[in-house]
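Hi everyone, thanks for coming. Let me put the model up, and then we can walk through two regions together.

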Amino acid sequence: MTTIDWDAAADSFDEEPDHGLRDPAVRDAWARRMETWLPTARSTVLDLGCGTGSLALLVACQGHRVTAVDRSPRMVEQARAKLAGTGTEVLVGDAGDPPVGTQRFDVILARHTVWLLPDPAAALRLWFSLLRPGGRLVLVEGVWNGTGLSAARLTSLLAEHTERVHHEPLSGDSRLWGREVDDERYALVARAEPPHRHTEVVDVHLILRRGSDVLLARRAGTGYADGLLHAPSGHAEDGEDVREAMIRETAEEIGVELAPDKLRVALVMQHRGPGGNPRMGWFFEADLDPGRPPRNAEPDKCSELAWYPLDALPDDMVAYCREGLDGYRAGQRFLIHWHEDADTVAYAPRGTRRAVPLPVSAAPTGRLHHLRLPVPDLAVADAEWGWLLGRLGHVPYQRWAQGRSWRHGDSHVAVEHAPVPPGDGNGNGDAPRPGTGRPAFHVRDRATLDALVADAPAHGWRPLPPDGRAAADGSGCRTARLADTAGHEVELVAP
């Protein structure tokens, strides 16, 4: 804190051009600045560390109602004389703890005052409490011959209270000082608004299914990830929920009008691009309607549309979209995908995986984990089971030399090659016998059940007659049984 005797300095204080504002050019320069820093409407202004009242007089003459405070009785005496007839109240008091009681102000003005205070942070905290909501703090400060308060330091002190701080350099305007200056002088105008809550853009992505294939669009002319493949996507606009946003973006990008009940939530992902801000992504799944094929409705943003196998996606994709589709295929429902700043936007096959799956709060006990079915011919089973499970909402999951699997939620069905053993066909050891087991699957409704049964023969499945057990529980459900080439049976149950 400075040890200047301000009472002793009062008589000569106005000799500095920027203190007394006696020069018309200097006074006009400060008046113009004050007009930009203060509200245009008549406001209440608290001038702290007012000195002899020169700035307070300018503010009062611009139509504002002013209360001025200074700790020096001699300064206050001169200020009262200068401000006589303006309606300004001039008080003796500490700028860091002004004697204004419960009054609130539209503006608090302090010129070359904060640097003198023993605890600037505490003073700023109090000053913000004296401002009305939306009010403003106007601080003129600087660094002179190594003393004072830099703009960076003062801005950091204000960060606790507001995110809206306007920084205006003043050193280059010699009219304010009556001479050229080469030190740091500035004004900060801070609004009395608390720091904003964190917000994120919400984007939406369409997983349009054609059996085991998905539709991808190649970006072009957007300025972001151009040349890379991505699912049809966009972001929610103000007042839009995510489903509405997905329906709108689908129509705008690929010319397909989706009904709300045709969309299913596939995955939610929080993601951050390299050097970017976090975003919240909702991935929706929908089935292709052959009667309404997609088209490139935005050729200025997309160079092509094409179908790709979900279990053999291309590498030239936007990284987080590729990871989202891989997570969807693996039955994950919630992911975090957080790029490091040095990462590429493009998917890097040999790069570090950034996708982190989040576990879902649900007890797994008692639910089907997986079902492994031995088959004598893997190629035939791949075609037959791939069709049926795809129609039932499963997605391709794993592929290995002797098997394939499809996943639905946290359960999967696998078919694995197992040659028919010799002898009685029962096999030996723990080798499974092809054709054993009959899993049962939910089907959404009876119309879907009837359609599956009607289509089944064209895909290698043979309808079986009812066995009399399905309706024994009196549930009223409709059931159907199918058998594949190897003799495996499945039961389909619709409400």
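First, a definition: two strands pair here if DSSP finds at least two bridges between them, and helices (H or I, at least four residues) and strands (E, at least two) are DSSP runs, numbered from the N terminus. This is a predicted model, so to speak, with local features needing pLDDT of at least 70, side-chain atom pairs counting only at pLDDT 80 or more, and totals for chains, interfaces and linings using all residues. Residues are numbered from 1 along each chain as its sequence is written, and side-chain values use heavy atoms, leaving out hydrogens and water.

Let's begin with strands S24 (residues 478–483) and S25 (residues 489–494): they run antiparallel and are joined by six bridges. Within that pair, threonine 479 sits opposite valine 493 of S25. Both strands belong to an open, four-stranded sheet with mixed pairing, ordered S22-S25-S24-S23. S22 (440–442) and S23 (462–464) are the edge strands with a single partner each, so one side of each has no neighbour in the sheet.

Now over to the other region. S2 (residues 65–70) and S3 (residues 89–92) are parallel, paired over four bridges, and threonine 67 has glutamate 89 in S3 as its bridge partner.

Which residues of H5 are buried? They are Met75, Val76, Gln78 and Ala79, where buried means under 20% relative accessible area (1.4 Å probe, protein chains only). These buried residues pack against helix H1 (6–13), S2 and S3, with contact meaning heavy atoms within 4.5 Å. Thanks, and I'm happy to take questions!

Key:
Buried < 20%, exposed > 50% of the residue type's maximum accessible area, 1.4 Å probe, protein only.
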